[in-house]
Every structure is written in structure tokens, then in C-alpha cells.
Amino acid sequence: MRDQISRKATGTKDSMRNISQKALGEVKIPIPPPSVQQEVAATLAGELDAVRKLDMSVGVASVRSGHLRYALLREAFAGRLVPQDSNDEPALVLLERIRAERDAAPKRRRGRRSKVTAAQGNGRRIDPDRPMPAPVPNGTQSELELGL
């Protein structure tokens, strides 16, 4: 087929060869005999069957891996993956100690911070009377150049 198309193509450069629809319609396409077609069809049917089986296996494995992951996490959080060290503090005691330390710690005020307070928390001061410098498009200004 390739030889037929090459012979019918026109044009002088290999990169710009042309072929008319009429000439393309005249290209003879070899068709295998029915016995070969049936053999190919049977082979394809077998391969498609194998693909379907693999697809089902992947689906089953995916569901199983999800169940295994859940079971592994359940066992990990229950502390049953490794033997417990008798020197370790039991989890309930540890949690109670953490809770007591939190209760004993001074309470932090929760609320919105002003821009000045937030900037001071970053180690920077904002002067509300000073205009902000214009940003440089390529972002090459350093903090020192910006006065921060």
C-alpha cells in the first residue's frame, strides 16, 4: 500500500507530497482470506477476555487494599501492631497529663489582631503614615529596598 501511495503522490519535495482523493481511492487494500480473518477475530476475542479478567482482578484488588488499609490503621490506632513497652506511659495516662497541662497553662486571648499588631508579630513595623512602595514587576526588590 505504501508503495502504491508513493507512486501516485505528486510534488517534488518529500516533505510536501500530495495525493488526490481519486488516486487514493484507487489504492488496492489487500484483504486476508476468511480463514485468516476468523483466526484474527478469535485471537482478539481471547485477548479481550483476558483484559476483562484483569480489569475485574484490579477492581477486586483495589477494594481489598482499601479494606487492608482500614484494618491496618485500626490496628495502629489501637496499639496492636507492635508489642507494648512496659516502660511506656499508657495512652490514657498520657492524654490525661496533656489535658491537665493545657488546663494549667494561661489562657490565650483569641481575637482578631490589627494589621499593626500582626506586623509586629512578624518582627516588622508598619508606619500607617508612610506610603507603601510600588511593587517591581519582576519581584527583584529585597526587603531592605522596600523598607521592611
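This is a predicted model: local features need pLDDT of at least 70, side-chain atom pairs count only at pLDDT 80 or more; totals for chains, interfaces and linings use all residues.

**Notes on the model**

1. Glu96 is partly exposed, with a relative accessible area of 45%. Here buried means under 20% relative accessible area, exposed means over 50%, and partly exposed is in between, with a 1.4 Å probe and protein chains only. Salt bridges that share partners join Arg74, Glu75 and Arg80 into one network. A salt bridge is counted when a side-chain nitrogen of Lys or Arg is within 4 Å of a carboxyl oxygen of Asp or Glu.

2. Residues are numbered from 1 along each chain as its sequence is written, and side-chain values use heavy atoms, with hydrogens and water left out.

3. The secondary structure consists of six helices and zero strands, giving the pattern α-α-α-α-α-α along the sequence. Helices (H or I, at least four residues) and strands (E, at least two) are DSSP runs, numbered from the N terminus.

4. How much of the protein is buried? Of its 148 residues, 3% are buried. The protein exposes about 14,300 Å², and carbon and sulfur atoms supply 57% of that area. Accessible areas come from the Shrake-Rupley method with a 1.4 Å probe; for residues, only the protein chains shown count as cover.

5. Among contacts with a separation of 6 or more, 17% are between residues 24 or more positions apart. A contact means heavy atoms within 4.5 Å. As for Arg2, this residue lies in helix H1 (residues 2-8) and is exposed, at 71% relative accessible area. Arg2 and Val27 are 25 residues apart in sequence, with their C-alpha atoms 9.3 Å apart in space.

6. The count of salt bridges comes to seven. One of them pairs Lys8 with Glu26, where the closest N and O atoms are 3.3 Å apart. This pair links distant parts of the chain, 18 residues apart: Lys8 is in helix H1, and Glu26 is in the loop between helix H2 (21-25) and helix H3 (34-78). Lys8 is partly exposed at 30%, and Glu26 is partly exposed at 40%.

7. Glu96 also takes part in a salt bridge, with Arg99, and the closest N and O atoms are 3.1 Å apart. Both residues lie in helix H4 (residues 91-104), three residues apart, about one turn of the helix. Arg99 is partly exposed, with 45% relative accessibility.

8. Arg74 is partly exposed at 41%, and Glu75 is partly exposed at 23%.

9. The second largest pocket has a volume of about 160 Å³. On a 1 Å grid over the protein atoms alone, a pocket is an open set of points where a 1.4 Å probe fits, with protein on both sides within 12 Å along at least five of seven lines; lining residues have an atom within 4 Å of a point. The volume is the space filled by probe spheres set on the points. The lining includes Phe77, Asp85 and Pro90. By class, the lining has four nonpolar, two polar and three charged residues.

Conventions. Ala, Val, Leu, Ile, Met, Phe, Trp, Tyr, Cys and Pro count as nonpolar, Asp, Glu, Lys and Arg as charged, and the others, Gly among them, as polar.
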